[in-house]
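Here is a short report on a two-chain model. It covers the contact between the chains and the make-up of one of them.

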Amino acid sequence: MSFFKELTKGIWKENPIFRLVLGMCPTLAVTTSVENGIGMGTATTFVLVCSNMVISAIRNFIPSKVRIPCFIVVIATFVTIVDLLMKGFAPALHKNLGIFIPLIVVNCIILGRAEAFASKHPISRSIADGIGMGIGFTLGLIVIAAFREVLGAGTITIWSGMVMQIHDIDPLILMILAPGGFIALGCILGLMNYIQSVLARRQGRSYTPPQHLDCRHCVICKWGK
Amino acid sequence: MKEFFKLVLILTLICTASGVLLALVDQATKQRIQEVERAAKADAINKVLPPYDNIPAENTCTFEKNGANWTFYVARDKGLFAGAAFEARSSKGYGGDIVITTGIDSNGIIQAIEILDHKETPGLGANIIKPGFKSRLAGKNIVNAPFSVRKDGGDIDQITAATISSRAVLEAINDGLNAYKEHIDSIRTQGERL
């Protein structure tokens, strides 16, 4: 039961993009086409699952004083492996995502999950957490990317070559550019909060916006104390 | 002091383990990556050249011009010079270097261009990889080079809102064509000698 719960929480309840608001740099950078979102999400999921697994396995072995360097070494190793494998076996994908792969090292979702979850929980639950968070991240990227691509380019690119033309009128190029990322993310976050507040009201509960969730799992600023 | 050594030891252990793992993966993928890169290059050359019956990737000649090396991949068909392809690079792209392969046939007509690498803005400059832009250069005679975009008085339509990227592509091609024109005789001989 708990395994399944860890798996599903990343998709909605603790979605890394919309609920935890982690990994904003890659989110804003890659969501210019659905294809990029899928690729980045898959690569991040792979790294997340591997790093969660390894960090959980060696969690009792790592002294807390040097845990961050240890986490970063483990994460960077898997990122480099993904980079090499992609270059060799999925060159088309690597061509699109090439500059984003090294960014996964500093993607705070991965370090965040290592610190908040994998270093405190057994391997099986850490893997479930990694898969769930990865899927949640991928879905979040796809939602934002679809929003931006439809408005900004008038297409949906699922895979290079598999392009759906949605409308033929002049697209709103702004949505593909950097400001469009902020606008799209803001609109979707607002919409999600609205839906949740309506749902909560129907159930007669009061709804608190996810401000307190923002850094719920991140304890970095509490280390000094 | 004892704790200090423990920290150093554990960090060293973890780094060594990851180093070994990376070395193994590198060993396993090195050859494959080289093959993929070579295939991508050969594929681009293949796409831009007229029909040929030799191996242009192995039939090359290199010239030095303004400190840059220009390599021409010479195609030959039934014993005659069929055309040549070259790889050109422009650093004036909006997001970084743009690498282009251009193919010219024996009559000096540009056959096609292929964008090998670019970092242009998705949805704007990145449209240089679309057939709609690439085909604007096909069929142009190199005697009309250097080419320029309509905005600069030339006859190539730039991509709307991506003039810088369009210009960079043309700049790279023009540079290559200069080198090609300068050495056309030796490139021709290279095609016929083999």
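## The chain contact

Chain B gives 22 residues to the contact and chain A gives 25 residues. Two residues are in contact if their C-beta atoms, placed from the backbone, lie within 7 Å. The side of chain B that touches chain A has 14 nonpolar, four polar and four charged residues. Ala, Val, Leu, Ile, Met, Phe, Trp, Tyr, Cys and Pro count as nonpolar; Asp, Glu, Lys and Arg as charged; the others, Gly among them, as polar.

This is a predicted model: local features need pLDDT of at least 70, side-chain atom pairs count only at pLDDT 80 or more, and totals for chains, interfaces and linings use all residues. Residues are numbered from 1 along each chain as its sequence is written, while chains are lettered from A and ligands numbered from 1 in the order in which they are written.

## Helix against helix

Helix H4 (residues 67-89) of chain A packs on helix H1 (residues 2-48) of chain B at about 10°, axes 8 Å apart. H4(A) is therefore roughly parallel to H1(B) (angles under 35 degrees). Axes are lines fitted to C-alpha atoms, for helices over the stretch in contact, and angles run from 0 to 180 degrees between N-to-C directions.

Residues in this contact include Val73(A), Leu84(A), Leu22(B) and Arg32(B).

## Chain A

Chain A holds eight helices and two strands. Helices (H or I, at least four residues) and strands (E, at least two) are DSSP runs, numbered from the N terminus. Of its 225 residues, 43% are buried (20 or more other C-beta atoms within 10 Å of the residue's own, placed from the backbone).

Technical notes
Angles under 35 degrees count as roughly parallel, over 145 as roughly antiparallel, 65 to 115 as roughly perpendicular and the rest as oblique. A residue is buried if 20 or more other C-beta atoms lie within 10 Å of its own, exposed if 12 or fewer, and partly exposed in between; C-beta atoms are placed from the backbone.
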